[in-house]
Amino acid sequence: MNVHVIGIGLIGGSMVLDIKGLYPEATIHGIDTNKKHVQEAIALGVIDKESSFEDLAAADFVIVSVPVDVAMTVLPKVLDVIGEQTIVFDVGSTKIPI
């Protein structure tokens, strides 16, 4: 199972840690604009490797864990590259703009 998380903060990181606990065979990929966050997440075992938007074509699940105003620009990019069977969900708090 290939899980990609966009935004490796408290919420996205917590979600993928739970996924790793339930599905240890899952490979967790991370995307974040802050490269330091990506490297820290790899070092802490939160994610297995860094990812890019192009890599989302092979994703089974995509977790969008960014602020809603950022999600407005991220979601179209995600939807343009994912496969037909990929499940995408976001964990933003407000849905009005989306």
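Residues are numbered from 1 along each chain as its sequence is written, and side-chain values use heavy atoms, with hydrogens and water left out. Because the model is predicted, local features need pLDDT of at least 70 and side-chain atom pairs count only at pLDDT 80 or more, while totals for chains, interfaces and linings use all residues.

Helices and strands are DSSP runs, numbered from the N terminus (helices are H or I, at least four residues; strands are E, at least two). Five strands form an open sheet in the order β3-β2-β1-β4-β5, with parallel pairing. Two strands count as paired if DSSP finds at least two bridges between them. The edge strands are β3 (49-50) and β5 (87-90), and each pairs on one side only.

Strand β1 covers residues 2-6 and pairs with β4 in the parallel sense over four bridges. Within that pairing, His4 has Val62 of β4 as its bridge partner. In β2, the bridge partner of His4 is His29. On the other pairing of β4, four bridges link this strand to β5, again in the parallel sense. Here Val62 has Val88 of β5 as its bridge partner.

Burial is judged by relative accessible area: buried means under 20%, exposed over 50%, and partly exposed in between (1.4 Å probe, protein chains only). Four of the five residues of β1 are buried, so this strand is largely enclosed by the rest of the structure.

Contact here means heavy atoms within 4.5 Å. Axes are lines fitted to C-alpha atoms, for helices over the stretch in contact, and angles run from 0 to 180 degrees between N-to-C directions. Helix α1 (residues 10-22) touches β1, β2 (27-31), β4 and β5, and its direction makes about 165° with that of β1. Helix α3 touches β1, β4 and β5. The direction of α3 makes about 165° with that of β4.

α1 has 13 residues and reaches 19 Å from its first C-alpha to its last. This is close to the 18 Å expected at 1.5 Å a residue, where the expected span is 1.5 Å times one less than the number of residues. Gly12, Gly13, Val16 and Ile19 are buried in α1. Seen down the helix axis, the buried residues fall within an arc of 125°, so they line one face of α1. The arc is that of the directions from the helix axis to the C-beta atoms. These buried residues pack against β1, β2 and β4. The face turned away from the buried side carries the exposed residues Leu10, Asp18, Gly21 and Leu22. Ile11 also lies in α1. Ile11 is partly exposed, with a relative accessible area of 47%. Leaving aside neighbours within four places in sequence, Ile11 is in contact with Ser65 and Val91.

A nonpolar core is a set of buried Ala, Val, Leu, Ile, Met, Phe, Trp, Tyr and Cys residues joined through side-chain atoms within 4.5 Å. The largest such core has 13 residues. Ile6, Phe53, Leu56, Val62, Val64, Val74 and Val78 touch the most other members. β4 (61-64) and α3 (68-81) each supply at least two residues of this core. α3 gives the most, with four residues. Leu56 is in contact with His4, Ile6, Ile31, Val62, Val78, Val81, Ile82, Gly83 and Thr86, leaving aside its neighbours within four places in sequence.

A second, separate core has twelve residues, including Ile28, Val38, Ala41 and Ile63. Ile28 is found in strand β2. Ile28 is buried, with a relative accessible area of 0%. Beyond its neighbours within four places in sequence, Ile28 is in contact with Val3, Val16, Ile19, Lys20, Val46, Ile47, Asp48 and Lys49. The C-alpha atoms of Ile28 and Glu50 are separated by 8.7 Å, although the two are 22 residues apart along the chain.

Gly45 lies in the loop between α2 (35-44) and β3. Gly45 is partly exposed, with a relative accessible area of 28%. Not counting residues up to four places away in sequence, Gly45 touches Leu17 and Lys20.
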